[in-house]
There are 2 protein chains.
Amino acid sequence: MSNTDISQPLRAALGPDVVLTEPADIEPWLADWRGIYRGQAQAVLRPRTTAEVAQALALCQAAGVPVVPRGGNTGLCGGATPDGSTANVVLSLDRMNAVRSIDTIANTLVAEAGCILGNLRRAAQDAGRLLPLSLAAEDSSQIGGNLATNAGGVNVVRYGMARELVLGIEAVLPTGEIFNGLRTLRKDNTGYDLKQLLIGSEGTLGVITAVALRLFPRTDVRSVVLAAVESPRQALELYELLFQRCGARLQAYEFFTGECVDLVLTHAQGVQEPFAQRYPAYVLMELADTTDEAALNALLETVVGEALERELCLDAAVSASLGQLQALWKLREEISEAQRADGPHLKHDVSLPIERIPAFMESAEARLRAFNADVRPFIFGHFGDGNLHYNLSRPAGAPREWAAQEGAEITDIVLDEVHRYGGSISAEHGIGQLKRDHFLHIKDPLELRLMREIKRVFDPAGIMNPGKLL
Amino acid sequence: MSNTDISQPLRAALGPDVVLTEPADIEPWLADWRGIYRGQAQAVLRPRTTAEVAQALALCQAAGVPVVPRGGNTGLCGGATPDGSTANVVLSLDRMNAVRSIDTIANTLVAEAGCILGNLRRAAQDAGRLLPLSLAAEDSSQIGGNLATNAGGVNVVRYGMARELVLGIEAVLPTGEIFNGLRTLRKDNTGYDLKQLLIGSEGTLGVITAVALRLFPRTDVRSVVLAAVESPRQALELYELLFQRCGARLQAYEFFTGECVDLVLTHAQGVQEPFAQRYPAYVLMELADTTDEAALNALLETVVGEALERELCLDAAVSASLGQLQALWKLREEISEAQRADGPHLKHDVSLPIERIPAFMESAEARLRAFNADVRPFIFGHFGDGNLHYNLSRPAGAPREWAAQEGAEITDIVLDEVHRYGGSISAEHGIGQLKRDHFLHIKDPLELRLMREIKRVFDPAGIMNPGKLL
């Protein structure tokens, strides 16, 4: 990579307001939010328009200067953090935050890449529609980053990943060319679906500058059930029942172990013990519909009754009010924060063919315990999508440096087991810097070759987000 | 392209049973089912395994021999018909027709590419699940071809195009390499989503040999409403109401003009006049759910009542039995066949931003009437997806050669109007040979360049399906 000083030409083209170079101004853009990754850069750009993004990329490509696109910086894999090269230019989309249109006949939302996901969700809601993409970081993450990483979240079981919600995108290629794919068509069978490459490419092919998303009917009638289960196998059988009976109403199917509940009750405020006793694991199910609360509740009562009768769960609590619904969700939502409060831990965002989750969990735990009998796994996640957050906290009595000492080996064990059971080492967080070595090791060589050649088609000078993904 | 005689090496590698070369044996594979396209070939291959497909492609690539993949031959754009070169090898997937697995816990179906779509739908149904891809040719079309063309059909408004139902594919590249992407994971964020390129590529990048599809809960509770509307604008307002109130239950929203009903009543057997009078246009809506017929009917009654009260339709008929439901569907399903019986006609499978359909229809008809005052448009289609089949039959008194004389100009007018209103010249049928010139003319030059370069990555020798798409 070139070490050309690009700030002068950038400033001349875009104006001083867009180009930050003072160390103090740049500083906040050099690390990920968790402080795990830190890099360097010669400049930070905050363009206001697609045309400015295009100018910037063309200048950087001509000079061979690496560009690191940056959204809301909520990623967990270091994908938006520059590497150690002082040549880097960080390109932030934060100023491109206009909603261009919300159409309740076409059921589309068109917005610039820097819009905060939570703001878009509220804008859709206000217009009487649902933007179903929803995740813990939604009030900081930007929609461009959500698409660049193909974000998931809690509603995937019903609405799919970010990719599945996209009708079109506008993007700037490193050549400075603008990809004008901001179409709102539901059907368009005219050649290769190029936008699919940019979605999930983690900024390695170009910069997404605007998005056109599908909107859905609002599902204001909601109900939540918390079921206690004895094992992931029982959670699987319960899932089969819910899927079959409730159809599209099932919009979340979350799993967490009893250990996660212990952690939440220890660290979080205002959370209540859900049952009179602790159970091995829990499933939180949300059903939602556009209409008819009575019918939804009746359905739920029938299904929960059948689940108890067929012994597909040990106990169940149904929300009877919005307050109860939120209280039940809190048990699930507070897990990450409680784990942070508990201390150092290792995160693994993995997915599996759903029917193999029980066998995977058994096998992974056995191997981990053979490595260190005191490991403390905290397993939770979007069970209905086969997605587990397989996290481990510091064992009791282990030194503060535990993660540095044992982390690499533990992660190798977890990801190797995932691979052995036909799963994916990254379900929804992407690869970034964190999983790059494992990705390059595990991925099929033919797929890696195709990806590298496609990368050359889009980014012949290789300036886009070096050291991430490929 | 090379004119090498490849049949000897193919026969030596695959056995005589797989390689047809006798003119009489080859003959049935040289034309599309409508008899519009006809080409030539030196051999037809009918491999039985993925390994045989790989051997065949490697031999053809080494010799520079063009390969034309062929599914059920139900396409409407000549995409599976060889061109005029005697060098062509047609590769049929028809013998690769095993269902590998149906899993009702994972809700997945894995099948070889040559499986007939209708058979897969029935297999899923028998297992208590729904494979929602459904189209007129489903009892002849093969699932590999459905994916290669990203097929649509009547349930897209709820379940999406073929692309959206795919979890994984196995494919053979022209190099003979096997793309092992037959994963059943719902979430897998590990690099570029390469399968998305092969889906919809119309056989120009490789040969899909097996597919992993998502299954859904069976929606056995169904109800159909036929509503009479005065205009496409009213159909749009009615759609907004249905979308909002019925949510995911709305699984078909079909539109057809009064002229289409005339045609069906003239040519089809056992079809009944739906109302006491003829209306300008009609909308057929299907609602479906996993459960609770009474609740679905109550919802429908409320919504139809509101539609009549708010004057979003002129009249409405609700199916009260399966027989009535099928009779209402017949009005829509018989349109294509009735048009064939009526005589020569021109087909245009287009899509539009749904809110622009009324303006497009007005503008296109005005331009067509200025060209020939006697044009006879028959407009129907998947309105909820913005997808119109904008067909024209021979004007009264026009010569038999009408289509040859005026067809090109009429198609130019229709597709130009589609482009002007931000639509797509191919909604669900693809490009093939039929729309190649228009595609190359209309598509953004940057997108065309990227597609050509991606084609070179997958197919460096350029042997895959020449003369189609690109």
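Me: Buried means under 20% relative accessible area, exposed means over 50%, and partly exposed lies in between. Why is B:Arg449 called partly exposed?

Reply: This is a predicted model, and the value is computed from it. B:Arg449 has a relative accessible area of 28%. That falls between 20% and 50%, so the label is partly exposed.

Me: What makes the pair A:Glu177 and B:Arg449 a salt bridge?

Reply: The cut-off is 4 Å from a side-chain nitrogen of Lys or Arg to a carboxyl oxygen of Asp or Glu. Here N to O is 2.5 Å. That is within the limit, so the pair counts.

Me: How do you know which chains and elements this pair links?

Reply: A:Glu177 sits in the loop between strand 8 (166-172) and strand 9 (178-181) of chain A, and B:Arg449 sits in helix 16 of chain B. The pair therefore crosses between chains. A:Glu177 has 27% relative accessibility, so A:Glu177 is partly exposed.

Me: Why is A:Lys187 called buried?

Reply: The relative accessible area of A:Lys187 is 0%. Buried needs under 20%, so A:Lys187 qualifies.

Me: Which salt bridges does A:Lys187 make with B:Glu428 and B:Asp385, and what makes them count?

Reply: With B:Glu428, the closest N and O atoms are 2.9 Å apart. With B:Asp385, N to O is 3.3 Å. Both are within 4 Å, so both count. A:Lys187 lies in the loop between strand 9 and helix 7 (195-198) of chain A, and B:Asp385 in the loop between strand 18 (376-381) and strand 19 (387-393) of chain B, so that pair joins two chains. B:Asp385 is at 4%, so B:Asp385 is buried.

Me: How many salt bridges run between chain B and chain A?

Reply: The count is 18. Over all chains it is 76.

Me: What makes B:Asp262 and B:Arg278 a salt bridge, and what does the pair tie together?

Reply: B:Asp262 is in helix 9 (residues 258-267), and B:Arg278 is in the loop between helix 9 and strand 14 (281-289), so the link ties parts 16 residues apart in sequence. Is each end buried or partly exposed? B:Asp262 is at 36% and B:Arg278 at 27%, so both are partly exposed.

Me: What makes B:Asp193 and A:Arg163 a polar contact?

Reply: Their side chains are joined at 3.3 Å, and the limit is 3.5 Å, so the distance passes. B:Asp193 also makes a polar contact of 3.0 Å with the side chain of B:Lys195. B:Asp193 is in the loop between strand 9 and helix 7 of chain B. At 13% relative accessibility, B:Asp193 is buried.

Me: How do you know that the copies meet through the same surface?

Reply: 100% of the interface residues of chain B are also interface residues in chain A, so the surface is the same. In contact are 89 residues of chain B and 89 residues of chain A. The two chains bury about 7200 Å² between them, 56% of it on carbon and sulfur atoms.

Me: Why is the relation of chain B to chain A called a two-fold axis?

Reply: Chain B can be laid on chain A by a turn of 180 degrees and a shift of 0.0 Å along the axis, with an RMSD of 0.0 Å. That is the relation of a two-fold axis.

Definitions and conventions. Residues are numbered from 1 along each chain as its sequence is written. Chains are lettered from A and ligands numbered from 1 in the order in which they are written. This is a predicted model: local features need pLDDT of at least 70, side-chain atom pairs count only at pLDDT 80 or more; totals for chains, interfaces and linings use all residues. Side-chain values use heavy atoms; hydrogens and water are left out. Contact means heavy atoms within 4.5 Å. Buried area is the accessible area (1.4 Å probe) that two parts lose on being put together, summed over both. Copies are superposed by least squares on the C-alpha atoms of residues with pLDDT of at least 70 in both. Helices (H or I, at least four residues) and strands (E, at least two) are DSSP runs, numbered from the N terminus. Buried means under 20% relative accessible area, exposed over 50%, partly exposed in between (1.4 Å probe, protein chains only). A polar contact is a pair of N or O atoms within 3.5 Å; within protein, one must be able to donate a hydrogen and the other to accept it, and residues adjacent in sequence count only if both atoms are side-chain atoms.
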